[in-house]
Amino acid sequence: MSTPTKKIVLEEHFSTPELAQYAKDVYGTIDPDFIEYCKPRLMDFDTMRIDEMDKYGIDMCVLSMTTPGLQLAPDPAKAVKSAIEVNDLLAAQIAKHPKRLAGFAHLALQDPRAAAAELQRAVKDLGLKGALINGHTNGEYLDNEKFFPVWEKAEELGVPIYLHPADSPVEPANIVGYPEMAGPAWEWGPETAGHTLRMIYGGVFDRFPKATVILGHMGEMLPYVLWRLDSRYNMMQHRNQIKKMPSDYIRENVMITTAGSFSAAPLLCAMLALGSDRIMFSIDYPYEYTEQAVHFIENAPISELDRNKICHGNAQRLLNL
Ligand code: MN
C-alpha cells in the first residue's frame, strides 16, 4: 500500500462538564453503553484523542462543541457568556497542540449581534477557523433576518459556518413511534437539509454570496436531489425569486464532509454532483470509529488526486491551514 494520505478532519467533537447537560435529549435515543464510550472521549483533548489520531494517521483535527451545546440554552445573556468561556477553553487546548488541533467557535445565536462579535473575537484573537452551529435556535432557522449579522461577519472574515444537525424543534410526525428514526439515524438528515434549503430560498446566499456553509454526513442527502430541486422549483406557483437555481447555491455556497458516512456510493454521487473540490474527509469523533473512516477513504475507488483534495487539500484551502 502507498503512503497514507495526509488527513485533516473537521467534524470532531468535544464537550465540557457544564454543557454536557444539553446533550441529554440526544443521548436518550442512543445505546447507553455507546454513550459511556463517547463521554470521556468528548471531555478529553490530550490523551485518547491524540492517541487515536496518531494510531490512524490523522494529522489535524478541527474541534467543535457537540450538539446541541448552547443552541438550546434558555437564557440568552448566560449563553453569550458561556460561549465566550467555551471558546477560550477550546483555544487554550489548541495552544497545547497547535500542529494537531484547530477549532470552530461555539456561538450563542440567542443574541445574533453578540454571536457575530464573538465570531470575530474567536477568529481574530483566538485563531479559530469559523463556527459550527448546531441547527435551529429555539425553533428559528438561519434564514431569519435576525441572524444576518452572523452571515455578514462570516463573509467579512472569510470563514465558513459548519451547519451541524440537531433534533427538530418538534418531533416530526413521520417518526413518532419509531425510535429507530430519531436523531442521527434519520431525523437529522432532513432537518439539516431543510435548514439549508430555507437559507437558499430565503435569499441568504444572494445577500451574502461569499458565505460558505459546510454540511456533514455527505451533504445531508442534498447531492442526490439537485436535479429534482431545480425541476420542482420551476413548477412552484409561489416561490421566492432567487438569483440562481437552487442547485447552483448547493454547488457554490455549500461544501460537504464525509463525517459519519463511510460508503463509496454516496461519495461518488457527491463527487459527480458537486465536484471533488467541495468534499472534505471527516470522521465525527467520537461518535464514529476513526479506523472505519480511514479504511473507507484510503480504499475509496477514486483517483489519488481526488483523495488528496478530499483528505486535506480542500480543508487547507478553505480554513487557511
Ligand atoms: Mn457530528
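**View 1. An open sheet of 5 strands in parallel pairing.** The strand order is E4-E5-E6-E7-E8. Strand E4 (131-134) and strand E8 (279-280) form the edges. Each of these two pairs on one side only. The model shown here and in the other views is predicted.

**View 2. Strands E6 and E7 side by side within the sheet.** Strand E6 covers residues 213-215, and strand E7 covers residues 254-257. The two run parallel and are joined by 3 bridges. Leu-215 stands opposite Ile-256 of E7.

**View 3. Glu-118, a buried residue of helix H5.** Helix H5 spans residues 112-124. Glu-118 has a relative accessibility of 6%. Buried means under 20%, so Glu-118 falls in that class. Its side chain makes a polar contact of 2.7 Å with the side chain of Asn-87. Neighbours within four places in sequence are left aside in the contact list of Glu-118, which holds Ala-83, Ile-84, Asn-87, His-106 and Leu-107.

**View 4. Helices H13 and H14 in contact.** Helix H13 covers residues 290-299, and helix H14 covers residues 304-319. Their axes come within 10 Å and cross at roughly 150°. Angles over 145 degrees count as roughly antiparallel, and H13 and H14 are therefore described that way. H13 contributes Ile-297, Glu-298 and Asn-299 to the contact. H14 contributes Arg-307, Ile-310 and Cys-311. By class, the residues of this contact are 3 nonpolar, 1 polar and 2 charged.

Note on methods
Residues are numbered from 1 along each chain as its sequence is written. This is a predicted model: local features need pLDDT of at least 70, side-chain atom pairs count only at pLDDT 80 or more; totals for chains, interfaces and linings use all residues. Side-chain values use heavy atoms; hydrogens and water are left out. Helices (H or I, at least four residues) and strands (E, at least two) are DSSP runs, numbered from the N terminus. Buried means under 20% relative accessible area, exposed over 50%, partly exposed in between (1.4 Å probe, protein chains only). A polar contact is a pair of N or O atoms within 3.5 Å; within protein, one must be able to donate a hydrogen and the other to accept it, and residues adjacent in sequence count only if both atoms are side-chain atoms. Contact means heavy atoms within 4.5 Å. Two strands pair if DSSP finds at least two bridges between them. Axes are lines fitted to C-alpha atoms, for helices over the stretch in contact, and angles run from 0 to 180 degrees between N-to-C directions. Angles under 35 degrees count as roughly parallel, over 145 as roughly antiparallel, 65 to 115 as roughly perpendicular and the rest as oblique. Ala, Val, Leu, Ile, Met, Phe, Trp, Tyr, Cys and Pro count as nonpolar, Asp, Glu, Lys and Arg as charged, and the others, Gly among them, as polar.
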